[in-house]
Amino acid sequence: MHARAIAATATAILGAAVLPTPTSDARAGEVRGTVDDARADRVHGPVVVAHRGASAYAPENTLASIDKAAGLGFSWVENDVQRTKDGELVVIHDDSLRRTTNVADVFPGRAPWKVKDFTAAEIARLDAGRWFSPAYAGTRVPTLKQYVRRVEHNHEKLLLEIKNPELYPGIERQTMTLLGNEGWLDRAHLGRLVVQSFSADSVRAVHALKPALTTAYLGRPSLAELQRYARFTDLINPSYGSISRSYVAALRAFRGPHGRPLGVCAWTVDDAATARKVARYGVVGIITNRPDVVRAALGTG
């Protein structure tokens, strides 16, 4: 697919997405919506999404990681949302706290250290940065409220994953309520927000709660299943190794709930050769831990 066609689809599906260009205001994470910016964006191809923030350079799913993404000039960030024992939504990838915090030291007798077994106050005590680098010692697991407020402060856009919804009944409604209370479900923010999940039921629930919202299914449905998925999702977001040019092209024959051809955001692409290969498939977005590497490979700044 020609780069202009790819970028036009990306802009339609991923809101008013503007890929960063190497200017000082872009490095500050400023979102620009002028005609000139949109015209420049159309030659750049897929939107680059910073996976768990710029997670190759700062501890994943933390405020530091999304600040780093903004500093590198990227407006789209991805995160993972789970729920504590006392009902607080927090941003963390694993259902266990062990890999990315010092929970085993602080609470040694509470293995396997599941997020759902700890209160928000207990999780707030944990160090979520030292495992990555001593420079990030003292970094905390953010609540979703803290996280979206920082995304707003940075003028960023959010690809939010509802993680392990089977562990947290009702998490879809709770997430949407929080987003609404924080102003993220108004008309302006709907162009800056996509909600995704590996659970088709979860994506369907989000679509039912807010039909105007862009949704994404994480996985690779068969072509025979796409008609069903197209009723509630705008994007199909598979691992890059599971797709081909023909699969991406076939998706475009199906229109999602907002009347647009289904798009693909591929994950997790961290090297230049793979980024160029996946871009040639015609994806509308590339999710990466190393957004600067992907941007350089695609010639987007």
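Analyst: Start with burial: buried means under 20% relative accessible area, exposed means over 50%, and partly exposed lies in between (1.4 Å probe, protein chains only). The model is predicted, so local features need pLDDT of at least 70 and side-chain atom pairs count only at pLDDT 80 or more, while totals for chains, interfaces and linings use all residues. Residues are numbered from 1 along each chain as its sequence is written, and side-chain values use heavy atoms, with hydrogens and water left out.

Now the rings. Rings of Phe, Tyr and Trp (its six-membered ring) pair if their centres lie within 6.5 Å; planes under 30 degrees apart count as stacked, over 60 as edge-to-face and the rest as tilted. The structure holds six aromatic pairs. One of them joins Trp-131 and Phe-132, edge-to-face, at 5.6 Å centre to centre with 80° between the planes. Trp-131 has 37% relative accessibility, so it counts as partly exposed. Phe-132 is also partly exposed, at 28%. Tyr-229 and Phe-232 make a tilted pair: 5.6 Å between centres, 45° between planes. Tyr-229 is buried, at 6% relative accessible area. Phe-232 is buried too, at 4%.

Back to Trp-131: ring pairs link Trp-131, Phe-132 and Tyr-136 into a cluster.

Last, the charges. A charge sits over a ring if NZ of Lys or CZ of Arg is within 6 Å of the ring centre and within 35 degrees of the ring normal. Arg-110 lies over the face of Phe-118, 3.9 Å from the ring centre. Arg-220 places its charged end over the ring of Tyr-247, at 4.0 Å from the centre.
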